[in-house]
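Me: Could you take me through one part of this protein, a sheet and whatever packs on it? After that, I would like to hear how the rest is put together around it.

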Amino acid sequence: MTTSPVLVAASTASFTTDVASEVSSVSRRRYRLATELVFVDNYDESGSGVKDPYRAASVPIYQTATFKQVSVTQGGEYDYSRSGNPTRTHLENHMAKIMGGSRAFAVTSGMSALDVIMRLVKAGDHVIAGDDLYGGTNRLLGFLKKHADIHTHHVDTTDPTAIEAKLSAGPIRMVLLETPTNPMIRIADVQRIAAMVHERCPNALVVVDNTMMSPYLQRTLSLGADIEYHSGTKYLSGHHDLMAGVIGVRDVALAEQLAFVVNAAGCGLGPFDSWLLLRGVKTLAVRMDRQQRSAERVAEFLESRGFRVYYPGLASHPQYELHRRLSDGAGAVLSFETGDIGISERLVESTRLWGISVSFGCVNSLISMPCRMSHASIPAEVRQARNLPEDLIRLCVGIEDCDDLLEDLDRALRVSGALASRVDDTSPKPASSVAAVAETS
Ligand SMILES: Cc1ncc(COP(=O)(O)O)c(C=O)c1O
Ligand SMILES: N[C@@H](CCSC[C@H](N)C(=O)O)C(=O)O
């Protein structure tokens, strides 16, 4: 991160209301994001006024559903963990700080985050969303169309004029963007789209699913989005050992509406998962830096072998410059085509180190075929109409030694026949691939 340190008002996160008001007026130096990720504001900045009574180095897990009251009318800050829990509050304040929002909410999954956000849309309203987007998002939007009379227009979000053309299609309440998209890794110009939507449709909210970048690489609230959300199941937690969603907002009134829904619908993240997520977020920068470095090598390796690779860190990506302008890195998810569904299936099943699994953002490297797995819920004819390649392979690059990853991939490319169908065997190989070939033969 390159942002220079500035002074900001301290978070009002607290375990007790009285200490919160005591520290809320204090300003402290704002560090670079990699520092802020590990700096969990558990004490006040002077180090004297303690927010946690025992100055616990790790935020405690308040594994309780209820909080006792002093009397019938006198309660504390918390009464019931659905409405609020200190461990969750800590996580939420930490995430608001990291995302550059006024407030954040931690809920039970990424889909739950979108479900909360969609409660801001009422029957008869229209939504504009991408034609390349996560299968579960497509499924929820389809459900809302069928059962709640919320109509979604799916457009190519790489083209702001395609969005502009739909702004008069009905009462637009929301523009929902993924950038990069899952699984085609396309980029939306959030800044331009947000400015245009806010000018043309002041009642519309610009919502960004920032899961693939994480707030470490891209902060869309500062690009003009009204709401940014994440599947915390992915990079924020990093280990595929929990499900979570995080929503961040700038506007205080909007935050109040979301807070109401989280409590009313009862999807706030439980104390243990809140603690696990807070723990995961602390290592986000080191994980992402490492995963991204390896992803760059993997993308270059595949491109040098003649494959069509989708990764915004490659100069060949059509929105390479745009993504560089909007973000701090290309991330660690990429996809590529082999040109043949059978070859893709064999390739995926030939890897040993890359786990065949949905999801991404884990420290372990994963390989998948979106049309058979994460995006299988999108009907085949819709996938075809949206030009989603059936042979597409998606890679989520983990933290393993990159030479091992390349060797495993190289071997799988060969045994599946993918490489033979792409390039002649005399093309340059990474030094490490020699061992892999020997292993195969
Ligand atoms: C881009 C994106 N957004 C949201 C989700 C939903 O997250 P979750 O699985 O945590 O519900 C996923 C994957 O599941 C995803 O890939
Ligand atoms: N069976 C699940 C599949 C989850 S896909 C998870 C992730 N977002 C990805 O893109 O891999 C479902 O149908 O929801």
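Reply: Happy to! The part to look at is an open sheet of five strands, ordered 10-11-14-13-12, with mixed pairing. Strands pair here if DSSP finds at least two bridges between them. Helices (H or I, at least four residues) and strands (E, at least two) are DSSP runs, numbered from the N terminus. At the edges sit strand 10 (308–310) and strand 12 (355–356), each pairing on one side only.

Please keep in mind that this is a predicted model: local features need pLDDT of at least 70, side-chain atom pairs count only at pLDDT 80 or more, and totals for chains, interfaces and linings use all residues. Residues are numbered from 1 along each chain as its sequence is written, while chains are lettered from A and ligands numbered from 1 in the order in which they are written.

Within the sheet, strand 13 (residues 366–368) pairs with strand 14 (residues 393–396) in the antiparallel sense, over three bridges. Ser368 has Arg394 of strand 14 as its bridge partner. Two helices pack on the sheet. Helix 11 (residues 284–304) touches strand 10, strand 11 (333–337) and strand 14, and its direction makes about 10° with that of strand 11. Helix 13 (residues 341–350) touches strand 12, strand 13 and strand 14, with a direction about 25° from that of strand 14. Touching means contact: C-beta atoms, placed from the backbone, lie within 7 Å. Axes are lines fitted to C-alpha atoms, for helices over the stretch in contact, and angles run from 0 to 180 degrees between N-to-C directions.

Now for the wider setting. The domain assignment (automatic or from a database) gives domain 1 (1–57), domain 2 (82–281) and domain 3 (285–440). Seven residues of domain 1 are in contact with 10 residues of domain 2.

Ligand 2 has Tyr134, Gly136, Asn182, Val358, Ser359, Ser374 and Ser377 around it; a residue is near a molecule if its C-beta atom, placed from the backbone, lies within 6 Å of it. Domain 2 and domain 3 both give residues to this shell, so ligand 2 lies between them.

Finally, a helix pair: the axes of helix 3 (residues 86–99) and helix 10 (residues 271–281) come within 8 Å and cross at roughly 35°. Residues meeting there include His90 and Leu91 in helix 3, and Trp275 and Leu278 in helix 10.
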